[in-house]
Each structure stands twice: as structure tokens, then as C-alpha cells.
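Have the model open as you read.

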Amino acid sequence: MERAARILVVDDERAIADLVASLLTAEGMEVRACYGAAEALQLLGRERFDLGIFDIMMPGMDGFELCTRVRAASDIPIVFLSAKDEEADQVVGFTLGADDYVTKPFKPRELVARVKARLRRARAGAAAPSSDVLHAGAVEVDLRAHKATLLGEPLQLTPKEFAILSILAASAGSPVSARDLFEGAWGERYDDAAANTVMVHIRHLRQKMAAIDSSAQFIETAWGVGYKLRGAPGDTGHGA
């Protein structure tokens with residue numbers, strides 16, 4: 001059984017920190033809430049966490065400095081939860097190493113969904129082979145050389161198609177949602193239009209694969225979940 005994710009929530013507004021903690025606890029996560037950056041650093045020095053949720057505007061050490069200090073010692077996903085909604089603040093956050101940025105007031109279900117997406121991506125990355133070359137069934141992806149092959153034949157892919165195929169290959173045969181594919185390949189927030197964008201790129205990928213071998217569907221649809229590579233390690237199901 002997979003252990004519960006451990007989350008650190010840091011916000012000087014106790015009501016918000018406690019609310020976020022209760023939302024994530026209800027989803028089966030283990031959550032520690034603290035009300036200042038100094039306290040958060042002490043906790044991070046003693047305990048292991050899988051993800052941090054940081055406010056920005058805190059007295060003393062703000063969230064940006066906290067993120068910088070955490071990044072110097074850890075690669076855990078960091079989500080900023082802040083009332084600062086200016087684009088410049090978001091750019092600073094991402095530049096310092098944050099993985100996501102949610103503005104207040106936030107929608108509880110959206111926050112939970114985005115935390116789960118970051119945790120899934122981090123776990124997929126941890127499970128991926130350390131090599132720069134990913135092998136997934138008949139597909140081989142060379143991340144360093146930015147090349148991909150199917151059955152040994154080169155695939156001529158656009159940068160976004162290559163990014164999508166890399167994410168699918170790294171997932172070891174498990175389905176990847178359209179949201180995770182879009183946010184991973186484009187680095188932007190997922191919306192309704194993004195779902196169609198992913199679908200179009202998947203169709204183009206399938207067409208290029210079919211030009212090499214049309215006898216099989218190498219990218220399968222996991223209905224209601226997302227997409228996965230056929231015959232990749234860990235693939236135990238069948239799609240369409």
C-alpha cells in the first residue's frame with residue numbers, strides 16, 4: 001500500500017493554513033501546518049515532506065526567501081498559495097523554483113487537484129530510470145539527444161510531440177491525464193481548450209507512428225483517465 005503523502009503548509013494566516021491542512025487531510029494526506037517561514041525551515045530540517053505549500057506575504061522571512069532556502073537543499077514540489085496575483089510575482093515564483101502558483105481566494109477542489117497532480121508528477125519522476133534514454137515497449141526516447149524512435153525507426157516530432165511522448169514513456173505504462181500532459185509539455189495552466197490541444201497532438205503522434213507501423217495503436221486511450229503507451233513496463237491493461 002502506498003504511503004500517505006506528507007505535506008507542509010506555511011501561511012501566517014492561521015485560518016487559511018488550517019483550512020488547507022483540513023482539505024488535504026480529508027484526501028488521506030499527512031499535513032503539518034505552520035505559521036511562519038522560520039518554523040517551516042525547522043520542520044524541514046527534522047522531517048521529510050513530499051510537497052510544500054507556501055504563502056508569499058509573511059512577516060520576517062517571506063515565501064520567496066523560504067522557497068530559495070528550500071531549493072538549496074531539496075527538490076520537493078513547491079506550490080505558492082498567495083493573494084499576490086500579479087504576473088510579475090508569478091514569474092519570480094517560478095524563477096525561484098516553484099512548481100505551481102495558486103492565487104487566493106482559491107477553489108478548494110482546484111487546489112486539491114493541483115496538489116495531487118504535482119505529487120503524481122514527482123512520483124513518476126522518481127520512478128523513471130536515471131538514464132537519459134527511456135525505453136517503453138517499441139518506443140525509445142533519448143532525452144539528451146532529443147530523438148525518439150519506434151521499432152528502431154526515427155520519429156520526426158515537433159517539440160511538443162516529443163515532450164508528450166517523453167512524459168508517456170517516463171510514466172512506465174501508467175495512464176497520464178490530459179491535464180498532466182499539457183502542464184508538463186506546455187508549462188501552462190490546464191483549461192478546457194487545453195484538452196483539445198492535447199487531443200490534437202496525440203492524433204498527430206499516432207499518425208506519425210502509424211506511418212512506421214499501422215498494425216498496432218501504440219498510444220492507447222485509457223477512457224476517463226488519459227493516455228498511455230502500449231506495451232510499456234508496468235502496462236497491465238488494454239485501451240482503445
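Let's start with α7: 7 of its 9 residues are buried, so this helix is largely enclosed by the rest of the structure. Buried here means under 20% relative accessible area, exposed means over 50%, and partly exposed is in between (1.4 Å probe, protein chains only). Helices (H or I, at least four residues) and strands (E, at least two) are DSSP runs numbered from the N terminus. The buried set in α7 is Ala178, Asp180, Leu181, Phe182, Glu183, Ala185 and Trp186. Just after the helix, Gly187 takes a positive phi of about 70°.

Some ground rules before going on. This is a predicted model, with residues numbered from 1 along each chain as its sequence is written. Local features need pLDDT of at least 70, side-chain atom pairs count only at pLDDT 80 or more, totals for chains, interfaces and linings use all residues, and side-chain values use heavy atoms, with hydrogens and water left out.

**Helix packing**

What does α7 pack against? Its partner is α8, at an angle of about 85° and with the axes 9 Å apart. That makes α7 roughly perpendicular to α8, a label for angles of 65 to 115 degrees (under 35 is roughly parallel, over 145 roughly antiparallel, the rest oblique). The axes are lines fitted to C-alpha atoms, for helices over the stretch in contact, and angles run from 0 to 180 degrees between N-to-C directions. On the α7 side the contact (heavy atoms within 4.5 Å) uses Ala178, Leu181, Phe182 and Trp186, while α8 brings Ala194, Thr197, Val198, His201 and Ile202.

α6 also meets α8: their axes come within 10 Å and cross at roughly 85°. So α6 is roughly perpendicular to α8 too. Lys160, Glu161, Ile164, Leu165 and Leu168 of α6 face His201, Ile202, His204, Leu205, Lys208 and Met209 of α8.

**Cores**

A nonpolar core is a set of buried Ala, Val, Leu, Ile, Met, Phe, Trp, Tyr and Cys residues joined through side-chain atoms within 4.5 Å. The largest one has 29 residues, and Leu165, Leu168, Met209 and Leu229 have the most contacts inside it. Elements supplying at least two residues each include α6 (159–170), α7 (178–186), α8 (192–210) and β11 (226–229). Leaving aside residues up to four places away in sequence, Leu168 touches Val176, Leu181, Ile202, Ile219, Tyr227, Lys228 and Leu229. A second, separate core of 21 residues includes Ile7, Leu51, Leu81 and Val112.

| Residue | Relative accessible area | Class |
|---|---|---|
| Asp11 | 2% | buried |
| Glu220 | 5% | buried |
| Asp192 | 73% | exposed |

Asp11 sits in the loop between β1 (6–10) and α1 (14–25). A polar atom of the Asp11 side chain lies 2.8 Å from the backbone nitrogen of Glu13. Glu220 belongs to strand β10 (residues 219–222), and its C-alpha is 6.2 Å from that of Arg230, 10 residues apart in sequence. Asp192 lies in α8; its C-alpha and that of Arg179 are separated by 9.7 Å.

**Confidence**

The chain's mean pLDDT, the predictor's confidence in each residue from 0 to 100, is 86, and 91% of residues reach 70 or more. Over residues 232–240 the pLDDT is below 50, with 28 contacts in the model beyond near neighbours in sequence. Where pLDDT is low, the predicted coordinates should not be read in detail.

Technical notes. Polar contact = N/O pair within 3.5 Å; in protein donor to acceptor, adjacent residues only side chain to side chain.
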